[in-house]
Every structure is written in structure tokens, then in C-alpha cells.
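Please take me through reading a predicted complex. I would like the general idea of each feature, then the case at hand.

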Amino acid sequence: MSIHGSRRRFLKRGAVVASGLVLPAFGLQSTYAADPVRMRAIWWGGQDRARRTNEAIQIFEKQRAELKIATESNAWADYWTKVATLVAGGNAPDVLQMDYRYLVEYAKRGTLLPLDAYIPKLLDIQDFGANNLDSCRVDAKLFGVNLGTNSTATFLDTAAFAKAGIPLPTYAWTWDDMSRMSQEITKSRGKGFWGCMDSGGGEPAFEVFARQYGKDLYTADGKLGVDADLTAAWLEYWNNMRKANGCVPPDVQALDKGSTDSAMLVLGKAAIDLRHSNFLEGFQLAHKEKLAITMYPQTKGGKWGQYIKPSQMLSVAATTKNAELAVQLTNFLVKDPAGTKVLGIERGVPASPAVRKLLAPDLSEVGRAMVDYIALCNDKVSPLPPPPPTGAGEIQKLLNRQNQKVGFGQATATVAAKEFVEESKRILG
Amino acid sequence: MTAAVSDSTIRLAPPARARRLRARIDTRLAGYLFLLPWLVGFFCLTLGPTLSSLYLSFTDFNLLQSPRWIGVQNYVRMFFADPRFWGAVKVTLVYVALSVPAKLLFALGVAMLLDKGIRGLTVYRALFYLPSLLGASVAIAVLWRQIFSADGVVNGVLALFGYTGPSWISTPSTAIYTLVLLSAWQFGSPMIIFLAGLRQIPQDLYEAASMDGASKWRQFRRITLPLLAPVIFFNVVLQTIDAFKAFTSAFIISGGTGGPIDSTLFYTLYLYEEGFGNFRMGYASAMAWVLLIAIAASTAAAFLTSKYWVFYEDDGKR
């Protein structure tokens, strides 16, 4: 009997100790009266973006007593995995960076907070303009706030062009021009340097190409918008480019992970890189030669293929406990001079004319080139395509594999294109 | 059991004995209490998710919405309608078949060299173990890229002989072999185990054998291998399981894609991509269960065949 008594006592003691250890860890016990309000913000991007964003958020934090914001910066490749896991675990961050590709997916599943009710009092973004706001709407409700606009853009190593003795292309250059110039640049250099990256597996470039033929990559009802012939023409263009030594060989291109530091241009292996305009600053920081920016090549007699889109948005999680604070933080980052000055134009050209005006005097040469570029594009683009359907991320990888198959000689462009269309249809259902 | 013993003893025991017993039981409880973190971890973090993944494998689950029961559809798709699945199976089997023998041969060779009683054994042992500690790191992946890329060290050496090599690490026909090499290079833990096994072989057997005029090779065949068999068996089982689960090296080196053209798409990498990249968590769960069964089957096969080649010194019948 005494043994049982003692055992019970022992267990009790143990339980008290254990609960003392465990409960605070699960947040069940609030021991401190003056707990700060805790929020979390998460984004993807490089080092420069992390530095700027953290700095801006710290300023916001300091303006309010008892506010603590935990931040997290991820690489693009890991970001969506992370967010999906957090959301699935009922643990969504209060404020999250959102991409046009994923907006519909997250909004339709009820994970984001509609923001219309906060305009204009807490969210002073009416000056973004109707077009911009509409591009962040799903089912007529605003789920994202634009952090900056961008468009696809070609970056050019000016020194390599000078060395090859060819003038820099203007926005009106064609795909054939790019092929010819690339070959000349390769010829003018020694081993290990080529005119152009291999962008045959690049979905944004393929999309622009298809739109020049009047086809969107995806239709409004979420089906594949391109056919096998158009895809084959695209893959064949790059196959010819490889054969003519205009672009980097497939085994070199395969090491490009889509990040700035693994880009062919940044690694000094190519002079032409097909990218998005807001990357210009990061690329220039990592490249010793002066870079120039122009539009993607055109198709002779074709339509305008590019479009201007919200490069990133900020969204607020539907589950946030501090909706007003989260909206205020969003407003701080896109509109408040204190925040926008720190963020600069690293995420693209700000949507608010007031912010653009504020930033204009302090722009670096590269920054100005980027702003000018978007201004140049303004009347040379076609409307924003419908948001990509679920599964678009998979198709992006599929295109890259099919381009590699052609590059490594495992399939002809025609066969690879046919497979691409069939496989895409299976993915999209 | 404890309860039965203690109850019967209490009735007979004088107070002093009861106190001792109580102390013993307290110790036992304390033991369980110390085990608690592991038990909680096992039941909450391992068993729970494992069982729920069995349920999820019969559902369509995209992480954001609640799972929807679809029966065996995931399994049907896996076996009959997903060429990438079979591609991943093939890549993984090739990897297991090559990396396990390569790593164990390497480990055994180095262990035998170290067993010769060279000076500074502990230093060498630590040095040879080092790659296994660094193995899964980003730095090693970067190093591997440096060595096996188009302008890497390997091609630098080959260029001396007038041969221009490809970028080994990003060519579909060679990429998997660079990963096999990376795995073989991380031979540290089987080496330590081999070394311990070699130490246990009585030296007089070798002395007797060499007096009888047996060559080194014969001694290795007739003494070292049979007596080391239990250790080899242990290492084979462990390394095979590890190889089936290989993920990190391919994930980092291929940038998470398993490329080029899925040539390094390990089973687990594809599982990860399907679950977290393409939001097909139900399908990924089904894949996890198939992998579990495959590993269990291969381990069972190893145990069943072991009686034909594994000998235990203290078991006269075998």
C-alpha cells in the first residue's frame, strides 16, 4: 500500500515537473502578463531582399510598443513547400509574400483574408489604379497587395557585345537576331563562353513566344493553350541554337537552378540571359561588366508577347489573430515612405505613383534603367493572361525536362513537344 | 510482472526489505520517466504520423483542403499510369546495387589497412570518418559540382591526357555515378564497424595459417571473411536501408529536380516532389508505404539468405 502511495506521489511529482516543462512550450500557459503581440512574416528572395525587408519590418516594429515580428526568408524553390506545410498545419504566417501563380490556388481555398474592407483607412492603395488592383483580385475580392510590377526582360553583357563588335539590340529585335548575335559572340570568345543561355526550358520565355503567335500558355478555363506544333517550333529553335553553338550546351545549362548565383550570365558563361526585370539589380551586383536591359526578342509580324504583372504581392492569412496589424504592416511596406524607402525597387517598380516619385531621386543607375524599362514596355505589351491553373508549377518543370531531352539527344523536338502536350493534359486533368 | 512480484513479496517482507523494494520500483519508474521523451517522440511523432500516412495513402489530399477518400486509386496510378514513378524506382535500384557494394568494399579495405596497427590510428580513423559527417551538407554538394562539372577538377586531369570530358554531374548518362561515388566516399560508419569486427578475430588463427603456408589472400578468404560475416551482414542490411532512403545528395546537387531528365530522381526525391511540390500528399503517402514494404522485403530477404553465408562463432550448428 505504501508502495502504491509512493508511486502515486512520485508520478504526481513527475507530472507536475513534466507539465511545467511542456505546457509553456505548447503555449498553453501564459505566465507573463505583458506578453508582446507576436506576428510572423515570410517571403522568398535573395540576400539583398532579406536585408531590406528585415530592416523595414524592424522600423514598423519600433513604431509600436509590444510588437514582435518574426521573419523568414526562403529561396523560391523551397518557399511554396514551406507555405503549404505551414498552412496545412494550421500555422499560417500572418503576412506572406504571394505570387500571381499561386494567388488563385490559395484564395479559392479560403486561406487568405479579403482586404477590400480595409481600403482606404488602413490600406491606402487606391492610387495603385483599377488595373493593378484587379490583377490581385480573385472572384472580385482583393487578396493581394502589389509589391512591385515587373515584366520579362533580356539582360545583356555589354562588354561581350563590344568585344564581338555588334551593337546592342533594341526592343524590336527578333528571335533570329538573337540567334545570329549569339553565334557571333560565341565565335568571338574562347572556350567556355557562349552567346546565350539555353532558355528552351524556361516557361516565361515560352509563354512570351506563344503569345506572339496569339496563344496564351493557359486558357481562361485552365487548359493548356498551346498545341504540339507551336511547342515543337519552340524546342526546335533552341535545338538549332545549340547546334549552331549559339547557346550553352545542355550539361552546362543543367546546373542553372534558376537562382541569380547559378545563372549563366552571372557565372560568366553567357552574354544574354532571359529573365524578369526586377532581377536586374541583383544581376548587376553579381556581374563585373555593365549590363543592359531590353525586351524579349519579337516574332516578325507577331503580336506583343510580354505583359506587365505584379511581380509579388503581400497577402494576409485568413487565420491571423491580428488582422488590423497585419494590414497595417502591409500598408507600411507598400505605401508608407518609411517602409518603401527601405525596400526600394528591389521587388519591381512600385505600383503607387506617390512611392515612385518618392524613390526617383535616390535611384541608382541600375534602378533607373529598370524603371525606364517598365515605362518603355508600357505600350508594347498585351493584357495580363488569366492566372495559371493548379499544376502549372509541374508543367514548368515538365517543359525543362522536355527541352533537356532534345538537348541530350534523347528525343526530337517533335516527339518531345507531343509528349509535353499529352503530359500537360494529364496534369491539368 | 513487476506488480505480481512486488505484491507477493510485500506480504512476507520485513519493513527493511519493503523499503529496498520500493527504492527499486522508484528506480524503475525513474527509468521510464527518463524514457518518456523517446516514448512521447515515438508515439506522437513517429507512430501517429505513420498511421495517419497509411490513411492518407487512400485519399486525395492537397495539404490545403481536407483529405478525400479515393480507395486504392493512388496505388493504381503509381503502378500503371506513372512512368516517372518507374523511372525513380529504376534510378534508386541502380543506386542501391552500386553504392552499397562500392561503399562496403571501400570501408573494408580502409579498415583492413588501419587494422595493421599503424601509428596514429585514432587520427586516421577520425580523418576517414570526416566525410560521413560532412556528407549531407550543402558545402559537399558544391564541392562535388566543382569536381565533376565541365570545368571541374576531373576534367582538368583528363585534359592532361588530351580528353575533353563532359560535365559529369549534369549529363544524364553519368550523373548517377557521381552520386554513387559521393556515397562510397562516405564510408566512415561501416569502416568503424568493420574495424571493430576485425579486432575481434583471434590473431592466432592467422599465425597458425601462415605457419601452414596459407597466402594472404587465402587467409582473407578463409579466416577474415567467414569470421567477419556477421559484421558484413549487419553493414549490408544497414547500408541497403540507407541507400533506399537516399535523398539529400541528389536533392542538393540537382537543385531539387532530380535532373537532368530525372536521371538522379531518387524514389524519396520524387516522393518529396509529389507531396510538397505538386501538393499530392495522398499519392506521396502511398509511395512512402510502398517504399516501406520494399525495404522490409529486401531486409527480410537478407535475413533469409543469411543462413547460407553468415556464420556465428558461438553457434556450432551452423
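Q: How many helices and strands does chain B have?
A: Helices (H or I, at least four residues) and strands (E, at least two) are DSSP runs, numbered from the N terminus. Chain B has 14 helices and two strands. This is a predicted model, in which local features need pLDDT of at least 70, side-chain atom pairs count only at pLDDT 80 or more, and totals for chains, interfaces and linings use all residues. Residues are numbered from 1 along each chain as its sequence is written, chains are lettered from A and ligands numbered from 1 in the order in which they are written, and side-chain values use heavy atoms, leaving out hydrogens and water.

Q: What confidence does the predictor give?
A: pLDDT is the predictor's confidence in each residue, from 0 to 100. Its average over chain B is 83, and 93% of the residues score at least 70. Over residues 1–10 of chain B the pLDDT is below 50, and this stretch has six contacts in the model beyond near neighbours in sequence; a contact means heavy atoms within 4.5 Å. For the complex, the ipTM is 0.77 and the pTM 0.80.

Q: What radius of gyration does chain B have, against a compact globule of 318 residues?
A: The radius is taken over C-alpha atoms, and the globule rule is 2.2 Å times the number of residues to the power 0.38. The rule gives a value near 20 Å, but chain B has 26 Å. Its C-alpha trace spans about 90 × 75 × 35 Å along the principal axes. Of the contacts in chain B with a separation of 6 or more, 66% join residues 24 or more positions apart.

Q: How much of chain B is buried?
A: Buried means under 20% relative accessible area, exposed over 50%, and partly exposed in between (1.4 Å probe, protein chains only). In chain B, 42% of the 318 residues are buried.

Q: Which residues other than glycine have a positive phi, and are they buried or partly exposed?
A: Two cases can be given. Asn245(A) has phi near 65 degrees and sits in the loop between α9 (228–243) and α10 (250–253) of chain A. Asn245(A) counts as partly exposed because its relative accessibility is 42%. Asp262(B) has phi near 60 degrees and lies between α12 (248–253) and α13 (267–277) of chain B, in a loop. Asp262(B) counts as buried because its relative accessibility is 16%.

Q: Where is Pro120(A) found?
A: Pro120(A) is in the loop between α4 (100–108) and α5 (130–135) of chain A. The peptide bond from Ile119(A) to Pro120(A) is cis, with omega near 0 degrees.
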